[in-house]
Number of protein chains: 4
Amino acid sequence: VSGRVGLWLVGVRGSVGTTAVAGLAASRAGMAAATGLVTEHQAMQDVPLPELSSIVMGGHDITTTSLTKRAEQLVAAGVLPAGLPLACADELEAAESRVRHGYVTEDGDQYSQVLRLADDLREFARQEQLDHVVVINVSSTEPIPAANAAHESLAALQDAWARGEAPLPVSSAYAAAAFLAGCAFADFTPSTGARLPALVELANRQGMPWAGSDGKTGETLLKSVLAPMFDMRALRVRSWAGTNLLGGGDGATLADPEACASKTTSKVRGLQAMLGHPVDGPVHIDYIPDLGDWKTAWDHISFEGFLGTRMTLQFTWQGCDSSLAAPLVLDLGRLLALALSRGVAGPVSALGFFFKDPVASDEHRLVQQWQALLTWAAESADGERA
Amino acid sequence: VSGRVGLWLVGVRGSVGTTAVAGLAASRAGMAAATGLVTEHQAMQDVPLPELSSIVMGGHDITTTSLTKRAEQLVAAGVLPAGLPLACADELEAAESRVRHGYVTEDGDQYSQVLRLADDLREFARQEQLDHVVVINVSSTEPIPAANAAHESLAALQDAWARGEAPLPVSSAYAAAAFLAGCAFADFTPSTGARLPALVELANRQGMPWAGSDGKTGETLLKSVLAPMFDMRALRVRSWAGTNLLGGGDGATLADPEACASKTTSKVRGLQAMLGHPVDGPVHIDYIPDLGDWKTAWDHISFEGFLGTRMTLQFTWQGCDSSLAAPLVLDLGRLLALALSRGVAGPVSALGFFFKDPVASDEHRLVQQWQALLTWAAESADGERA
Amino acid sequence: VSGRVGLWLVGVRGSVGTTAVAGLAASRAGMAAATGLVTEHQAMQDVPLPELSSIVMGGHDITTTSLTKRAEQLVAAGVLPAGLPLACADELEAAESRVRHGYVTEDGDQYSQVLRLADDLREFARQEQLDHVVVINVSSTEPIPAANAAHESLAALQDAWARGEAPLPVSSAYAAAAFLAGCAFADFTPSTGARLPALVELANRQGMPWAGSDGKTGETLLKSVLAPMFDMRALRVRSWAGTNLLGGGDGATLADPEACASKTTSKVRGLQAMLGHPVDGPVHIDYIPDLGDWKTAWDHISFEGFLGTRMTLQFTWQGCDSSLAAPLVLDLGRLLALALSRGVAGPVSALGFFFKDPVASDEHRLVQQWQALLTWAAESADGERA
Amino acid sequence: VSGRVGLWLVGVRGSVGTTAVAGLAASRAGMAAATGLVTEHQAMQDVPLPELSSIVMGGHDITTTSLTKRAEQLVAAGVLPAGLPLACADELEAAESRVRHGYVTEDGDQYSQVLRLADDLREFARQEQLDHVVVINVSSTEPIPAANAAHESLAALQDAWARGEAPLPVSSAYAAAAFLAGCAFADFTPSTGARLPALVELANRQGMPWAGSDGKTGETLLKSVLAPMFDMRALRVRSWAGTNLLGGGDGATLADPEACASKTTSKVRGLQAMLGHPVDGPVHIDYIPDLGDWKTAWDHISFEGFLGTRMTLQFTWQGCDSSLAAPLVLDLGRLLALALSRGVAGPVSALGFFFKDPVASDEHRLVQQWQALLTWAAESADGERA
């Protein structure tokens, strides 16, 4: 991918967004190793991805805390290294100057708002002279929206808009704006995003690639290697219970049982696919403000071996959500820019490696997802070289 | 594989051996599901493996507790289901009648003893009208033997034997006997087995396949999926400490620091290969008689993400060693019988899936090992059908 | 305490009840050590408790599975040793012959039913020539009952009964019957039991001792030593999250959110008392049928040290509920028989050692509860000797 | 205790020493809560301890990194809060100016050196106009010294010194100097310190109080509440295995098997005393540089309940060593100043609450130690008031 690439984050002033902006700046300044960046893995070295130095970041947000201020808070929380905000002050301010006001459903006529968001994206591309723009949603998780006939086709959506209705949840409004403005879209949250027939149709019409959903950064990442292990060894998993303690903004959102429902659903979905049979077991998400940006997941897996012997595996994952998610957001920006440059349209199932709930795929096993990603990337490289 | 297959266990009266004998009987009688048997995995259903009903078991041992008695002890320890010894009484007695006295280095002239062991194997094959015999070592772990020039070539070994020396450790004497008698050999322990140049030469001369070593049933199994996970996500593992609490016979053996050395070496070897860099961290093996046949492994992994953030993963694996190992021993019996029927000679790297320290391979990642196994098995199927 | 003591369990055919009956028989036959029996602790050796051999067991139940059958199921589940049901067959059958049909709210007029239950207790005492009878509720946890004016005084209760109403939850009906029949009562569950003003009045009028509630056998037991540890060291606990995975009958009951509410309330109550300040943190109880009689609790405690440094403690408790609870039920039977013999009336706060939610006490610290128990027992001994 | 109190740390420039100096300054400046300071517990509020503001710190050390520099390193390691070194710059420099060169066995004539150390202490008292001085060893753990006849009596020690010998390990030389200079002494490490007959005699002759040894800050702290819990509930502990991962300076020292021996001995000693019977189980201490000042302990406890049922408890303690130890060092300074003011001489068993290996006591149970400490402190208060 040659030229300049724009990476536009919905919710850019949140922890993940701020870490992505500050981390990109730090990487560019040689202050940070490539740790956590999948696109810097040796296996990807021949893939013609955009250089980190060619990426320009901006975004929408509805909060008012600036990126600089948020970065300082993340230093206090032990997420960002102490000197980083000062060292990257210019880049943080530059990104901050590109932040545009986000969309809330109260903002009146939805269609006008979608057009306004799309204009923000076009303006970003023009101002920064970008060849490709990728939009990624890293804002708070939404509740699952009510069923709505306007979701079922682009025509029905347009009719609803024409009647002044606001049929789309916020995340989907951003996806619509992205497609209308000629941008790729990915949803790093479990929100609806582009996963409605009307938006699938719109993406196809506009020839835009998209990916999702719900970044796989902790408990589910482990499930995606442990469940296949049990399967390959013909050990029968009998129950798999998980408890997730979260402190950050997303923890507070997920304390809302409705938002939580959308999260736990995407967490459970893959397990049955990987094991080949349903498995008993609750998944809890608890909000513990004290934990800040850190999350702790404890999983208890009961399984059966030869002659019915019962055994258990437990694990505790103590991770920093922003630190795990932010590099994957940069990875997705680079990979979707590659997709744009190749003219890929529609859901990109080969990016399932990054997600709890991959679009257009029922493959949840991490290694198989990795192999699919590498194959896709290699084909892209060939396509580009050709 | 058509015809009858012999599965001969060195150390057959131990926990793993007894569980394998009793479990095969139970499976055959429809008393046990195929749980834990990799060769019964759906992905293997087209592989022409010998039927479980065609397998006949026997073995060498130096202890005097009968298989029947040992099976009762394993019921009391919660390893075998309560009714099993009674329900399989005939099969246990039949296998017991096939047990021959094992070899200890004090037994005098090593070469004569190797010939005697080989005669036992030939007699087993003749008596039971077996088409193929597979020998698997499931006896206690040996200390690492001292270097010896007689290990370096078959000629040197034969010269040493001719001089009345006993250059081979016990496990290697069994391997030699297996090859001389036209049997495949696998070492399920970290002992030397066939891993000496002299024996590699002998296996090749005899055209025999062999596999090893050190069955991967717990902590290392988890490492073989978790280490690749960190690698694929570009997360840098900084330390990986492990503690293994074992109660069974092998625990007692491994309390001997020399035997333990051979075990911890094979445990550590793979981690560096999978991560691509050395990693700090001790591996302990502790003998706690109270735990009986159960083992508990606790691993603590410290890793680094984007911008240097430190995170940790811990797991606790509580497994029953015999229940995990016994089905793999049956799997290896079936797969090496397939190799024998195909005329495969030398180390079978495609069986690395089963081992902590795979022969002729530096691949330790479980999924890649699984894919190699399936490919090899499919080729074998083709070979056999042709 | 001289003479014969009756121990009557409400829910005697459940896991805890059956384990208590079978365990008492085994202890008496010298087949079991005193492990788990607090009243056999060396510190209690001078307390004049009734001999185990003088205890006669019976109970109410509404299920139909016999004690003998249930004991066999508990063997299969690994709770009781294999030979126990056969070795104790006579005692199990004798206890089974003393089981009387329990009470359900549908049984019609509540007052008549309470009188019927009381008659069952008097008949038990007469038939078995008992000097004292202790009734302990080990049946499934009830939901928290709705507020009812009839709970507030004995007179109001009697009026409601006279009007044909059924104001008491089932556990309280048993408590009323116990007091009317001159028996001590303890509630080993979080159900209401004697904890209503009307029943407190009745116990006082009848001069009967009672104790409760909710046996402390796992997570809360640990809290009662760990929370004081943090307090004594002036370490500030910031959050304490707990997950309980249960498989047994009580697990199924607690899957009902209303019953669960009564359980989690009694679990949380003590923590604040021990730490001196409220602490954030959810407590989950999950039903995982696969776990059978076993329960696993995982707790994650985040605390702060000098200069605000954040640290964590996690624990995993893997216990067999029946095995932990049954000896405490026998202990309570002996200690309440001692109370009866001393003429103690009303709530016995010194038995708080056994309970998550101790009556007449806000002391939740285990060691202080232990010291109070030993003091009370020593005073009882003095009282009796005098 | 009125007047000014000197707190002199052997190894003051280490992590614990620096945290104590910086933390005292922060507490004094109102920048830190009393978290972790046992002497600020409400239960101690009537004890006439010296005010934090009356404490002056100094110490011996053989390293050259200044307290200010070390404090900055501890900020980078996440042990001290970011602004602390700057905010306490004056106090750190003042303490640094009081650091005197420590003693190493190569320093020539031991007796002269002991006199020199004692002079340093007297000079400290004079310069700072101190009423009482307490010396606490927080330097690296020593190997267990060889037996030596000069340890057995003060006369023998003096004879050996007169012959120019160096019979004392370094920690004991400091203890001797403290007693000679009229100071109290405590050993926060497992080194020998005052625990030699010759030094016990010297302390008595000089009328000095002393305490030790080996601060109880993690795994052993938990043992001291959990082992009594098992005992009170008559649950039989069958094995107790522990693994300690340490990264700091002490971790490196303890990688030396000889030093480690002295540590694991003091860790194991108490368990048998608390449980009343020996218990199987290894204790490992591993040095993992990556962990820095943090330590992680994992303990696995196998225990038996009623009818022999086997159950387990596991815990993981993730603590910051300096943050846990430093406030206890300040506590010991205040409590030994109280002892000095009361004229207490000899080993102070009531301070066993702070130590893994308490002097003059076989009480390892935390609550009983706490009660003994409160009783002693109350008596001291009475003594002082009288």
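Mentor: In chain C, Gln110(C), Val114(C), Leu115(C), Leu117(C), Ala118(C), Leu121(C) and Arg122(C) of helix H5(C) are in contact (heavy atoms within 4.5 Å) with Ala173(C), Tyr174(C), Ala176(C), Ala177(C), Ala178(C) and Leu180(C) of helix H7(C). By class, that contact has 11 nonpolar, one polar and one charged residues. Ala, Val, Leu, Ile, Met, Phe, Trp, Tyr, Cys and Pro count as nonpolar, Asp, Glu, Lys and Arg as charged, and the others, Gly among them, as polar.

Before we go on: this is a predicted model, where local features need pLDDT of at least 70 and side-chain atom pairs pLDDT 80 or more, while totals for chains, interfaces and linings use all residues. Residues are numbered from 1 along each chain as written, chains are lettered from A and ligands numbered from 1 in the order written, and side-chain values use heavy atoms, without hydrogens or water.

Trainee: How do I describe the geometry of such a pair?

Mentor: Two packed helices are described by the angle and the distance between their axes. Here the axes of H5 (residues 110–127) and H7 (residues 170–180) of chain C come within 8 Å and cross at roughly 50°.

Trainee: Which residues of helix H8 of chain D are buried?

Mentor: Buried means under 20% relative accessible area, exposed over 50% and partly exposed in between, with a 1.4 Å probe and protein chains only. In H8(D), residues 197–206, the buried ones are Ala198(D), Leu199(D), Leu202(D) and Ala203(D). Viewed down the H8(D) axis they fall within an arc of 135°, so they line one face of the helix; the arc is taken over directions from the helix axis to the C-beta atoms. Their cover includes helix H6 (154–162), helix H7 (170–180) and strand S6 (209–212) of chain D. Just after H8(D), Gly207(D) has a positive phi of about 70°.

Trainee: Where does chain B have a cis peptide bond?

Mentor: From Gly212(B) to Ser213(B), with omega near -15°. Ser213(B) belongs to the loop between strand S6 (209–212) and helix H9 (219–232) of chain B.

Key: Helix = DSSP H or I, 4+ residues; strand = E, 2+ residues; numbered from the N terminus. Axes fitted to C-alpha atoms, helices over the stretch in contact; angles between N-to-C directions.
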